[in-house]
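User: I would like to go through this model and ask what lies behind each label. Please set the values against the cut-offs as we go.

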Amino acid sequence: MTGHWITTQFDVNDYHGFVYRITNTTNNKKYIGKKSLWSTVTKKVKMLTKPGKKNTKVTTESNWREYTGSCVTLNEDIKLLGKDKFTFEIIQLCKTRGLLTYTEMEIQFSLDVLRAKDIFNNKLYYNSIIGSKIRI
């Protein structure tokens, strides 16, 4: 089960994450982003053989099935219009964290998500930043 994501079936254990496109079907505005399938947190655990606690990393499946993007404006529109007015598509599965980051940025740059506009000068994408640093 892939939640609200449109994709072919895949085994989550085979991938680190995916690049996705969310489309507002009322105005065709899109968002390109990435999502990790896994979440890793550091927890302190009690040592059985020695007194004290040790840090250990715990990996669990992330909230990807319900995820709607990190863009505030996009999520405001989803709340205002309803989730049924958006399509959620997985466009590329990635096996590693590095490939996931690279693929997201490659697609964002190739689509010119920060500057692309329609004939009425409206932005075509919700994206306002690339790679957590690049803004226009």
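Analyst: This is a predicted model. A place to begin is Cys-94, which has a relative accessibility of 1% and counts as buried.

User: Why is Cys-94 called buried?

Analyst: Buried means under 20% relative accessible area. Cys-94 has 1%, so the label applies. Cys-71, at 11%, is also under that limit and therefore counts as buried.

User: What makes the pair of Phe-10 and Tyr-15 edge-to-face?

Analyst: The structure holds nine aromatic pairs. In the pair of Phe-10 and Tyr-15, the ring centres are 6.0 Å apart and the planes stand at 85°. Centres within 6.5 Å make a pair, and planes over 60 degrees apart make it edge-to-face.

User: Which residues do the ring pairs link into a cluster?

Analyst: The cluster consists of Trp-5, Phe-10, Tyr-15, Phe-18, Tyr-20, Tyr-31, Trp-64, Tyr-67 and Phe-88.

User: What makes you say that a charge sits over the ring of Tyr-67?

Analyst: The charged end of Lys-35 is 4.2 Å from the centre of that ring and sits over it. The limits are 6 Å from the centre and 35 degrees from the ring normal. Lys-95 is placed over the ring of Tyr-15, with its charged end 4.8 Å from the centre.

User: Which residues have the most contacts inside the largest nonpolar core?

Analyst: They are Trp-5, Phe-18, Ile-22, Trp-64 and Leu-74, in a core of 18 residues. S2, H1 and strand S6 each give two or more residues to this core. S6 gives the most, with four residues. Apart from this core lies another of ten residues, including Ile-32, Cys-94, Leu-114 and Ile-130.

User: Is Thr-103 buried or exposed, and what does its side chain reach?

Analyst: Thr-103 is found in helix H2. Its relative accessibility is 8%, so it counts as buried. The side chain of Thr-103 reaches the backbone oxygen of Leu-99 at 2.7 Å, and the limit for a polar contact is 3.5 Å. Leaving out residues up to four places away in sequence, Thr-103 touches Val-19, Gln-92 and Cys-94.

User: Why is Ser-36 called partly exposed?

Analyst: Ser-36, in strand S3, has a relative accessibility of 24%. The class runs between the limits of 20% and 50%, so Ser-36 counts as partly exposed. A polar contact of 3.2 Å joins its side chain to that of His-16. Beyond four places in sequence, the contacts of Ser-36 are His-16, Gly-17, Ser-62, Trp-64 and Leu-100.

User: Where does Thr-2 lie, and why is it called buried?

Analyst: Thr-2 lies in the segment before strand S1. At 11%, Thr-2 is under the 20% limit and therefore counts as buried. A polar atom of its side chain is 3.1 Å from the backbone oxygen of Trp-5.

User: Why is Asn-121 called exposed, while Asn-28 is called partly exposed?

Analyst: Exposed means over 50%. Asn-121 has 53%, so it counts as exposed. Asn-28 has 48% and is therefore partly exposed. Asn-28 lies in the loop between S2 and S3, and its phi is near 65°, a positive value in a residue other than glycine. Asn-121 is in the loop between H2 and strand S7, with a positive phi of about 70°.

Note on methods: Residues numbered from 1 in each chain as written. Predicted model: local features only at pLDDT ≥ 70, side-chain atom pairs only at ≥ 80, totals over all residues. Heavy atoms only, no water. Buried < 20%, exposed > 50% of the residue type's maximum accessible area, 1.4 Å probe, protein only. Phe/Tyr/Trp six-rings, centres within 6.5 Å; stacked < 30°, edge-to-face > 60°. Polar contact = N/O pair within 3.5 Å; in protein donor to acceptor, adjacent residues only side chain to side chain. Contact = heavy atoms within 4.5 Å. Core = buried A, V, L, I, M, F, W, Y, C linked by side-chain atoms within 4.5 Å.
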